[in-house]
Amino acid sequence: MLDIRYIKEKPDEVIARLAKKGKDAKEEIGQILELDVKRRDLIRATEDIKAEQNRTNKLIPQYKKEGKDVSAIFAQMKELSAKTKEIDEQLKEVDTQITSLMLGLPNLPDEDLLPGGKENNQPLRYFGEPKTFDFEPKNHVDLCTDLGLIDYDRGTKLSGSGFWIYRGMGARLEWALLNYFIDTHLADGYELILPPHMLEYECGVTAGQFPKFADEVYKIENPTDNRSRYMLPTAEAALASLYRNEILTEADLPKKLVSYTPCFRREAGSYRSDERGMVRGHQFNKVEMFQYTLPEKSDEAFDELVMKAENLVKGLGFHFRTVKLAAEDCSASMARTYDIEINIPSMNGYKEVSSVSNARDYQARRGMIRVKREGSGKTEFVHTLNGSGLATSRILPALVEQNQLADGSVVVPEVLRKYLGTDVIRK
RNA sequence: GGAGAGAUAGCGAAGUGGUCAUAACGGGGCUGACUCGAAAUCAGUUUGUGCUAACGCACACGAGGGUUCGAAUCCCUCUCUCUCCGCCA
């Protein structure tokens, strides 16, 4: 959620910045400003009457004690009460409209982002060299099938298209990756959080998925009660709500958290042909980094998260590039996002394996997550950041493709050997 | 799943229709006094949100609704917590 005071002060700037994200907010901003004036008028009107009600109300016990007639006061009170009720109803309606509009506005992109979409993404740095082969390399679907790492067919049998089964060494490789990620984060002092995999609606609102992007997540409805829950689309949705409606102290920050969860996505669109196999499914495993910081510390935290993600990819021996996303390619909640992309040989080009974002105070405003300042005692919204560290669904395909040998076996990266107990995966 | 009890400030807790929500009382935190320092003692201070240029004003007693001139207090619905029983990895 954006700061309504900022919208009021500089509406044109807000419109211009949102335009960089491809959002034409002219109409909404106009409506918000209009409703805000209306809202404040109503507040003043109802508060004046309430103050009078309170003053009058205090006279009643006094009059009764003195044995005076209170019927005139009762009549007056009744009138005032009717008036406030009427104005309060209008106010509630206006509040609902403003909230709905405010929740619909995406975050402002940082000033230094280029406008527009993917075509304006800027690679910032490259690490290593693309892998070359002196034989015809197989794609990961064939490799994983031949080596018995992934059972695509039976995954589909169990749950339909978009689901696969890790088995044997495949399952162990997956698990080894997750352990490597988590152990690295623990060594960096992050707290491991294992959250529920079903969340209530409010979590989606805070993270920024709801109300606009509700179609992207699975909804669970239980016929015996009428509560809905939503399959967790990313641990970010859980972690962003961890301190919802709480006031933290300065000493609490930064909170450095890491979660492992499966992530469930409807991915309602059609798959692109170059995303076969396990690159895009309805369920995948991800280790997610998350930070709550003081506002002035979030840039620093962002750099830390990017570096951590890069180091994980480096540790696996991948060539990668780090890309600064253009405004429109950042998701709605985020002020800035860097992607780390690796090369999957069969897919020609780079694929995102990590996405690190700074939401600034956007999520904190939606979830009322604040920090109390030590000196002034004032409360302020915290900043939230998240980054994948990492998702396995593209790492594992890339790993088997890049590390394949001519005989169809796959070399295990050094950092994973202690988890897997072998240095080569063979048939 | 069944039965019962509860939800008030960071914590414990009083308050059963107006004058104890400027939230008693207790304890905790912070500041000051005393002290070489500390403990003890004494004094002061300590919720959030909205509106306002400001003084201030309004709102919030788990959430939402209702009754009433007026609700922490009465009624309804929901959520959560605790105790006992049942079931259970």
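Is the crossing of α7 and α12 left-handed or right-handed?

Reply: The model is predicted: local features need pLDDT of at least 70 and side-chain atom pairs count only at pLDDT 80 or more, while totals for chains, interfaces and linings use all residues. Residues are numbered from 1 along each chain as its sequence is written, and chains are lettered from A and ligands numbered from 1 in the order in which they are written.

α7 and α12 make a right-handed crossing (left-handed if the near helix is turned anticlockwise from the far one by less than a right angle, right-handed if clockwise). Helix α7 covers residues 169-187 and helix α12 residues 392-402 (helices are DSSP runs of H or I, at least four residues, and strands runs of E, at least two, numbered from the N terminus). Their axes come within 11 Å and cross at roughly 120° (lines fitted to C-alpha atoms, for helices over the stretch in contact; angles run from 0 to 180 degrees between N-to-C directions). The two helices are therefore oblique (under 35 degrees is roughly parallel, over 145 roughly antiparallel, 65 to 115 roughly perpendicular, the rest oblique).

On the α7 side, Leu 173, Glu 174, Leu 177 and Leu 178 meet Thr 392, Ile 395 and Leu 396 of α12 (C-beta atoms, placed from the backbone, within 7 Å). These residues divide into 5 nonpolar, 1 polar and 1 charged (Ala, Val, Leu, Ile, Met, Phe, Trp, Tyr, Cys and Pro are nonpolar; Asp, Glu, Lys and Arg charged; the others, Gly among them, polar).

Pro 11, Val 14 and Ile 15 of α2 meet Lys 26, Ile 29 and Leu 33 of α3, a contact with 5 nonpolar residues, no polar one and 1 charged.

α3 also matters for the surface near RNA strand B, where it gives the most, with 10 residues.

Key: Two residues are in contact if their C-beta atoms, placed from the backbone, lie within 7 Å.
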